[in-house]
Amino acid sequence: MMITVSSPASLSNLCCGFDILGMALNEPFDTIQLAVKDEPGIVIRHTDNYQLPVNAKENIAGVALQAIIDAMDFKKGFNVVINKQIKPGSGIGSSAASAAGIVVAANELLGKPFSKKQLVSFAMEGEVIASGSRHADNIAPCIYGGLVLIRDTASLDIIQLDAPELFVTIVHPQIEIKTSYARSILPKEIPLKSAVIQWANVAGLVTGFLQKDYGLIGRSLEDVIIEPVRSKLIPGFDEVKQKCLAAGALGGGISGSGPSLFMLSTSAMVATEIENCMKAVYEKLGIEHKTYITGINNEGIKIIS
Ligand code: HSE
């Protein structure tokens with residue numbers, strides 16, 4: 001009664017699709033091992049250096065796992081070992097990887113009693129701790145794989161979308177932006193003019209993915225509502241964006257709630273040039289940073305053993 005899964009990083013929002021679009025990535029990913037124990041309760045151990053809480057009630061994975069235990073009225077307990085490679089607070093779905101990974105692992109161990117949609121709902125209980133709100137745009141791609149649209153978060157109307165092969169370049173400047181803070185500074189109301197631009201871009205982006213129209217994808221990677229507010233929290237944002245577009249990126253912006261930035265491109269060569277542009281900006285600013293070149297992970301969470 002033991003299982004180990006890998007749970008991937010994810011890109012959420014994809015510029016115009018705040019809280020409704022997300023994409024699972026091949027790298028980086030966390031590893032979660034789960035074993036049933038006879039006594040009730042959740043015992044969590046971390047084998048990384050992030051000093052995350054081990055008390056199950058304060059731990060994102062612990063809360064998500066408790067949601068499954070409660071739903072099944074499960075009388076035994078679990079030992080959990082988590083190795084996070086996705087740095088908390090990076091904007092590439094660290095909390096979602098913990099929450100989604102553990103519920104998928106538990107579902108497998110317990111004979112798959114729950115649907116993917118139910119698993120998203122359990123995992124969202126954990127995500128609430130990180131962001132203070134129920135949103136599924138990182139969790140759903142982890143659980144379903146690939147590119148996902150959440151048409152309605154309350155009823156979890158989740159649609160998997162086809163996407164062409166894309167290279168994703170990410171830079172993570174080593175500053176921390178808490179999702180709860182990045183959400184608290186957003187406007188509660190928006191002008192109709194901005195809304196029209198934003199929903200046209202969402203429609204354009206989805207169509208671009210489905211029709212494999214790279215030009216349309218690039219034109220639609222525009223965010224006139226969230227980016228102007230959140231980009232002020234990210235040093236070098238404008239310069240990174242401008243240089244990456246000049247280097248041939250289709251487009252990009254803030255990954256999730258930041259501080260990571262992402263750019264999409266259609267070749268390994270351009271993806272590397274984009275990475276060099278990102279590094280050059282943060283080296284000049286003297287800000288430590290980490291970069292990734294990765295791609296869309298169509299499988300999502302994988303069972304390793
Ligand atoms: N859609 C969320 C946000 C993702 O932008 O706040 C962060 O988890």
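Visitor: Which domains does the domain assignment give for the chain?

Guide: This is a predicted model. The assignment gives domain 1, which covers 2-162 + 298-303, and domain 2, which covers 167-295.

Visitor: What distance separates the centres of domain 1 and domain 2?

Guide: Taken over C-alpha atoms, the two centres are 24 Å apart.

Visitor: How many residues of each domain are in contact with the other?

Guide: On the domain 1 side there are 32 residues in contact, and on the domain 2 side there are 38.

Visitor: What area is buried between domain 1 and domain 2?

Guide: The interface size is often expressed as the accessible area lost when the parts come together. Here the buried area is about 2,600 Å², with carbon and sulfur atoms giving 64% of that area. Within domain 1, the residues that lose the most area to domain 2 are C15, C16 and F18, which together account for 25% of what that side buries.

Visitor: Turning to strand 9, is it mostly covered or uncovered?

Guide: Strand 9, residues 261-265, is mostly covered, with 5 of its 5 residues buried. One side carries L261, M263 and S265, the other carries F262 and L264, and both faces are covered.

Visitor: Which strands are joined to strand 9, and by how many bridges?

Guide: Strand 7, residues 167-173, is joined to strand 9 by 5 bridges. Strand 8, residues 251-254, is joined to strand 9 by 4 bridges. Strand 7 runs antiparallel to strand 9, and strand 8 also runs antiparallel to strand 9.

Visitor: Which residues stand opposite F262?

Guide: F262 is the bridge partner of I170, and G253 also stands opposite F262. F262 is itself one of the buried residues of strand 9.

Visitor: How many residues lie between strand 8 and strand 9 in their hairpin?

Guide: There are 6 residues between the two strands, and G256 in the turn has a positive phi of about 55 degrees. P259 also belongs to the loop between strand 8 and strand 9. A cis peptide bond joins G258 to P259, with omega at about 5 degrees.

Visitor: Where else is there a cis peptide bond?

Guide: E27 and P28 are joined by a cis peptide bond, with omega at about -5 degrees. P28 lies in strand 2, residues 21-37. For context, most peptide bonds are trans.

Visitor: Which residues have a positive phi although they are not glycine?

Guide: N13 has a positive phi of about 75 degrees, and L156 has one of about 50 degrees. Most residues other than glycine have a negative phi. N13 lies in the loop between strand 1 (2-12) and strand 2, whereas L156 lies in the loop between strand 5 (147-152) and strand 6 (157-161).

Visitor: Why do N13 and L156 count as buried?

Guide: The cut-off for buried is under 20% relative accessible area. N13 counts as buried because its relative accessibility is 6%. L156 counts as buried because its relative accessibility is 8%.

Visitor: A change of topic: how many aromatic pairs are there?

Guide: The count comes to 2 aromatic pairs. F74 and F78 form a stacked pair, at 5.3 Å centre to centre and with 25 degrees between the planes. F114 and F122 form an edge-to-face pair, at 4.8 Å centre to centre and with 80 degrees between the planes.

Visitor: Which residue lies over the face of Y144?

Guide: K116 lies over that face, at 5.6 Å from the ring centre.

Visitor: Finally, where is I225 found?

Guide: I225 is in the loop between helix 7 (214-220) and helix 8 (227-230). At 13% relative accessibility, I225 counts as buried.

Visitor: Which residues is I225 in contact with, leaving aside its neighbours within four places in sequence?

Guide: With those neighbours left aside, I225 is in contact with I190, S194, A195 and Q198. The C-alpha atoms of I225 and L186 are separated by 8.6 Å, and these two residues are 39 residues apart along the chain.

Conventions. Residues are numbered from 1 along each chain as its sequence is written. This is a predicted model: local features need pLDDT of at least 70, side-chain atom pairs count only at pLDDT 80 or more; totals for chains, interfaces and linings use all residues. Side-chain values use heavy atoms; hydrogens and water are left out. Buried means under 20% relative accessible area, exposed over 50%, partly exposed in between (1.4 Å probe, protein chains only). Two strands pair if DSSP finds at least two bridges between them. Rings of Phe, Tyr and Trp (its six-membered ring) pair if their centres lie within 6.5 Å; planes under 30 degrees apart count as stacked, over 60 as edge-to-face and the rest as tilted. A charge sits over a ring if NZ of Lys or CZ of Arg is within 6 Å of the ring centre and within 35 degrees of the ring normal. Domain bounds come from an automatic or database domain assignment. Contact means heavy atoms within 4.5 Å. Buried area is the accessible area (1.4 Å probe) that two parts lose on being put together, summed over both.
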